[in-house]
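Hello,

Here is the structure I promised to pass on to you. Please have a look at it first, and my notes follow below.

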Amino acid sequence: MATHGPDSAVESRADRLPAEVVEALLADEACRTLLGLLHDRDCPVPVDDLAARLVETRGGGSSSLEQRRRARGEIFQECLPQLTATGVVHFDSLLGTVEY
């Protein structure tokens with residue numbers, strides 16, 4: 001049975017990652033949400049767009065500037081270091097985009 005979404009996205013690359021790394025990435029709510037958002041897009045996504053979507057998925061509505069700022073900080077400080085170090089995503093620092 002084929003599955004789709006962030007779990008299957010990381011698991012499809014699991015042949016190069018230890019199981020505990022895959023589990024840690026999927027256990028983190030923000031990383032899991034970002035992976036789902038990136039998996040659904042077939043192109044690089046600006047970090048600002050990811051931050052807005054992260055806030056929306058958590059709160060179910062539109063996001064304030066302060067909420068997006070905090071989400072952006074979380075992406076840069078927590079998610080991107082984990083996801084780029086494992087090779088699951090690519091961050092283009094010149095464009096400020098993330099790609100699965």
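Predicted model: local features only at pLDDT ≥ 70, side-chain atom pairs only at ≥ 80, totals over all residues.

Helix α3 (residues 29-40) and helix α5 (residues 65-85) have axes that come within 10 Å and cross at roughly 75°. Angles of 65 to 115 degrees count as roughly perpendicular, so that is how α3 and α5 lie to each other. On the α3 side the contact uses A30, C31, L34 and L35, and these meet E74, I75, C79, Q82 and L83 in α5. Sorted by class, this contact has seven nonpolar, one polar and one charged residues.

Helix α5 also packs against helix α4 (residues 47-59): the two axes come within 8 Å and cross at roughly 110°. That crossing, too, makes α4 roughly perpendicular to α5, and it is right-handed. From α4 the contact includes V47, L50, L54 and R58, while α5 brings, among them, R68, A71, E74, I75 and F76. By class there are nine nonpolar, one polar and five charged residues in the contact of α4 with α5.

The largest nonpolar core has 24 residues, of which L50, I75, L83, V88, V89 and V98 touch the most other members. Helices α2 (19-27), α3, α4 and α5 each supply at least two residues of this core, and α3 gives the most, with six.

Apart from its neighbours within four places in sequence, V89 is in contact with L35, L38, L80, L83, T84, V98, E99 and Y100.

Enjoy exploring!

Best wishes

Methods. Residues numbered from 1 in each chain as written. Heavy atoms only, no water. Axes fitted to C-alpha atoms, helices over the stretch in contact; angles between N-to-C directions. Helix = DSSP H or I, 4+ residues; strand = E, 2+ residues; numbered from the N terminus. Parallel < 35°, antiparallel > 145°, perpendicular 65-115°, else oblique. Contact = heavy atoms within 4.5 Å. Nonpolar A, V, L, I, M, F, W, Y, C, P; charged D, E, K, R; others polar. Left-handed = near helix turned anticlockwise from the far one by under 90°. Core = buried A, V, L, I, M, F, W, Y, C linked by side-chain atoms within 4.5 Å. Buried < 20%, exposed > 50% of the residue type's maximum accessible area, 1.4 Å probe, protein only.
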